[in-house]
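Thanks for making time this morning.

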Amino acid sequence: MASTDGSPGTAPQPSDWIRVATSRLVLVALPAAALRAVAEGRLDAAGQIAGCDLRPFPEEERAIAEIRCRDLERDPEYLPWSLRAICLKPDLRLVGHFNFHTRPDPDYLRDLAPGAVELGYYILPAFRRRGLAEEAARGMMDWAAAAFGVRRFVVSVGPANAASVAMAAKLGFARIGGHVDDEDGYEDILALTRNT
């Protein structure tokens with residue numbers, strides 16, 4: 001297992017982070033070349049690079065790949081935290097995507113949730129209401145805790161997003177603030193501190 005000393009600059013060994021598995025899912029890290037291919041709509045090529053089928057990646061979600069490409073250009077060590085394909089076992093069928101917005105303890109969270117990392121996810125409509133987002137979030141929070149000692153997590157959720165509000169509550173997130181997102185409007189900022 002990777003180091004658990006909590007050093008945000010120390011990347012775990014590749015075998016510890018490229019594929020994070022849960023009971024039903026494999027969360028596959030998308031390297032920079034795969035992200036670029038997703039952003040450009042070259043989904044066959046992206047899947048060949050990543051080792052999973054990315055052809056169902058929705059066009060309206062591809063902007064996240066472009067954003068994460070820029071993030072990796074600024075900070076190559078961000079890769080383990082960047083965009084992942086959420087794939088259903090055993091055939092690695094794409095059901096969504098997951099990412100941490102930054103590495104742990106970014107400036108924008110330091111006052112509200114020191115040491116935290118913010119997570120985001122998307123599940124394809126055909127796979128919603130099966131607990132897959134919750135399973136992906138739990139799996140990636142477990143990984144962040146084991147690999148880096150991260151205990152605090154944040155999500156930003158619009159109050160009208162009933163499914164995400166319910167999932168955050170089920171995971172134990174509680175409101176610590178709010179902000180207005182340029183694209184999504186007002187969102188509650190919710191945090192969770194895990195003991196283990």
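**A helix across the sheet**

Let me begin with helix H5, residues 132–148, which lies across S1, strand S2 (25–29), strand S3 (84–88), strand S4 (93–100), S5, S6 and strand S8 (185–193), and which runs at about 45 degrees to S4. Please keep in mind throughout that this is a predicted model.

The sheet itself is open and has eight strands, in the order S1-S2-S3-S4-S5-S6-S8-S7, with mixed pairing. Its edges are formed by strand S1, residues 19–21, and strand S7, residues 174–181, each of which pairs on one side only. If we ignore direction, neighbouring strands of this sheet are turned by 30 degrees against each other on average.

As one example of the pairing, take strand S5, residues 117–123, and strand S6, residues 152–157, which pair in the parallel sense over two bridges; here Val117 stands opposite Phe153 in S6.

Now to helix H3, residues 43–50. Which of the residues of H3 are buried? They are Leu43, Ala46, Gly47 and Ala50, and because these cover an arc of only 95 degrees around the axis, they sit on the same side of H3. On the other side of H3, by contrast, Asp44 and Gln48 are exposed. H3 is followed by Gly51, whose phi is positive, near 85 degrees.

Stepping back to the whole chain, we have six helices and eight strands, and from the N terminus on the elements run α-β-β-α-α-α-β-β-β-α-β-α-β-β.

How does the radius of gyration of the chain stand against that of a compact globule? With 196 residues, such a globule would have a radius of gyration near 16 Å, and the chain has 16 Å, so the two agree. Along its principal axes, the C-alpha trace spans about 40 × 40 × 35 Å.

Buried residues make up 49% of the 196 residues in the chain. Among the contacts with a separation of 6 or more, 60% are accounted for by residues 24 or more positions apart. Finally, the chain exposes about 9600 Å², of which carbon and sulfur atoms supply 51%.

Methods
Residues numbered from 1 in each chain as written. Predicted model: local features only at pLDDT ≥ 70, side-chain atom pairs only at ≥ 80, totals over all residues. Heavy atoms only, no water. Pairing = 2+ DSSP bridges. Helix = DSSP H or I, 4+ residues; strand = E, 2+ residues; numbered from the N terminus. Axes fitted to C-alpha atoms, helices over the stretch in contact; angles between N-to-C directions. Contact = heavy atoms within 4.5 Å. Buried < 20%, exposed > 50% of the residue type's maximum accessible area, 1.4 Å probe, protein only. Arc of directions from axis to C-beta. Rg over C-alpha atoms; globule rule 2.2 N^0.38 Å. Areas by Shrake-Rupley, 256 points an atom, 1.4 Å probe, with all protein chains shown as cover.
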